[in-house]
Amino acid sequence: MAVDAARTEDGFTSARATRVMVTACRAAGLDDRGAELIRLGENALFRLASVPVVVRVARGEEWLRTARNEVTVSRWLAEEGFPAARSVEDLEQPLLVEGHPVTFWHLVQEGDRKATYGELGGILRDLHSLTLPAGLELPSFDPFGKQELRLDRAVIPEDDRVFLRKRWRELRDKFEELRFETPKGPVHGDAHVQNLMVDDRDQVILIDFEAFCFDHPEWDLMVTAVEHHSLGWQTDEQYAEFVGAYGRDLHDWHGYQTLRGLQEFGMTTWLMQNVQEDERTAAEYRRRIAGLRDDDGPRDWRPW
């Protein structure tokens, strides 16, 4: 259902996302009063006050196919009984508002704790063991799909842009040489522990299907492996729980360094999209770009 397919011209900001959310809610018959912006990242996420629903606003019309894929994946996982976020069933979605795909999700009523790394390893093991049904077509994992748009649109110094384009080409060359030894299957595509929620019944719920695809499981393992081995974001005990639950440490694989480069590049370009929001975001972007310029230097990056 297209409400307004006009192209976005003035950048994706919290103010623009709010305007899109309001229009989408009114088109869907939902009350937007009191809605709260809970996250601005690749998308803007709003929690409605009127009903237990989260509204997800994507950055541009280029992500319309992705939004459709997210809804399809959610409905498949629901049929499988897999613990995952659920799209709102009785709404035609995604909507397209001012060039932004908008989807609606049931709010996960959070419990009193965060998910553990052991639970992340376990849910990925279970996800990778699923078999796709006939007729469900998912894309391959594409570590480069969003990068060119990000580099074109980000408000960053030109020398940073030149450096990042050069690094992008280098990583593409390394990616072409990568050889996987595992079979393909369902892959989340952004498998960090923040994409797990624990509900008020203590059930661990997988969320965010934007990068969901059919590919090699290494793409899901690289996130936590890089966060631990490169960034030091987990203790040795936490990472051991992850490896123990899943059954594999990606650090031992010959392709780890290539995946590390891809993951760190993606983490930096993801953040740089929002440097205009506030100085805290801009400062973290500067920290990350400095790290990319020194492959062997320490990574003092902060979780975001």
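Me: At roughly what angle do the axes of helix α8 (residues 256–272) and helix α9 (residues 279–292) cross?
Reply: The model is predicted. In it, the axes of α8 and α9 come within 9 Å. Their crossing angle is roughly 155°.

Me: Are α8 and α9 roughly parallel or roughly antiparallel to each other?
Reply: Angles over 145 degrees count as roughly antiparallel. The α8 and α9 axes cross at roughly 155°. The two helices are therefore roughly antiparallel.

Me: Which residues of α9 make the contact with α8?
Reply: α8 passes α9 in a left-handed crossing. On the α8 side, the contact is made by E264, F265, M267, T268, W270, L271 and M272. On the α9 side, the residues are T281, E284, Y285, R288, I289 and L292.

Me: How many nonpolar residues has the contact of α8 with α9?
Reply: By class, this contact has two polar and three charged residues. The nonpolar residues in the contact of α8 with α9 number eight.

Me: Is T281 buried or exposed?
Reply: T281 is placed in helix α9. Leaving out residues up to four places away in sequence, T281 touches L271, N274, V275 and W304. Buried means under 20% relative accessible area. The relative accessibility of T281 is 5%, so T281 counts as buried.

Me: Which residues of α8 make the contact with helix α5 (residues 158–176)?
Reply: α5 and α8 pack at an angle of about 145°, with their axes 10 Å apart, and α5 passes α8 in a left-handed crossing. From α5, the contact is made by L164, R167, W168, L171, K174 and F175. From α8, the residues are T258, G261, L262, F265 and M272.

Me: How many charged residues are in the contact of α5 with α8?
Reply: The residues of this contact include seven nonpolar and two polar ones. The charged residues in the contact of α5 with α8 number two.

Me: How many of the 17 residues of α8 are buried?
Reply: α8 reaches 24 Å from its first C-alpha to its last, close to the 24 Å expected at 1.5 Å a residue. The helix is mostly covered. Of its 17 residues, the number buried is 15.

Me: Which elements are included in what covers the buried residues of α3?
Reply: Nine of the twelve are buried, so α3 is largely enclosed by the rest of the structure. The buried residues are Y117, G118, L120, G121, G122, I123, L124, L127 and H128. Their cover includes α2, β7 (185–187), β8, β9, α6 (218–229) and α7 (236–246).

Me: What is omega for the cis peptide bond that joins Q93 and P94?
Reply: P94 lies in the loop between α2 (64–80) and β5 (95–97). The cis peptide bond joining Q93 to P94 has an omega of about 5°.

Me: What is the relative accessible area of D202?
Reply: D202 is in the loop between β8 (196–198) and β9 (204–206). Although not a glycine, D202 has a positive phi of about 65°. D202 is partly exposed, with a relative accessible area of 46%.

Me: Is D208 buried or exposed?
Reply: D208 sits in the loop between β9 and β10 (213–215), and its phi is near 65°, a positive value in a residue other than glycine. The cut-off for buried is under 20% relative accessible area. At 19% relative accessibility, D208 counts as buried.

Terms used. Residues numbered from 1 in each chain as written. Predicted model: local features only at pLDDT ≥ 70, side-chain atom pairs only at ≥ 80, totals over all residues. Heavy atoms only, no water. Axes fitted to C-alpha atoms, helices over the stretch in contact; angles between N-to-C directions. Helix = DSSP H or I, 4+ residues; strand = E, 2+ residues; numbered from the N terminus. Parallel < 35°, antiparallel > 145°, perpendicular 65-115°, else oblique. Left-handed = near helix turned anticlockwise from the far one by under 90°. Contact = heavy atoms within 4.5 Å. Nonpolar A, V, L, I, M, F, W, Y, C, P; charged D, E, K, R; others polar. Expected span 1.5 Å × (residues − 1). Buried < 20%, exposed > 50% of the residue type's maximum accessible area, 1.4 Å probe, protein only.
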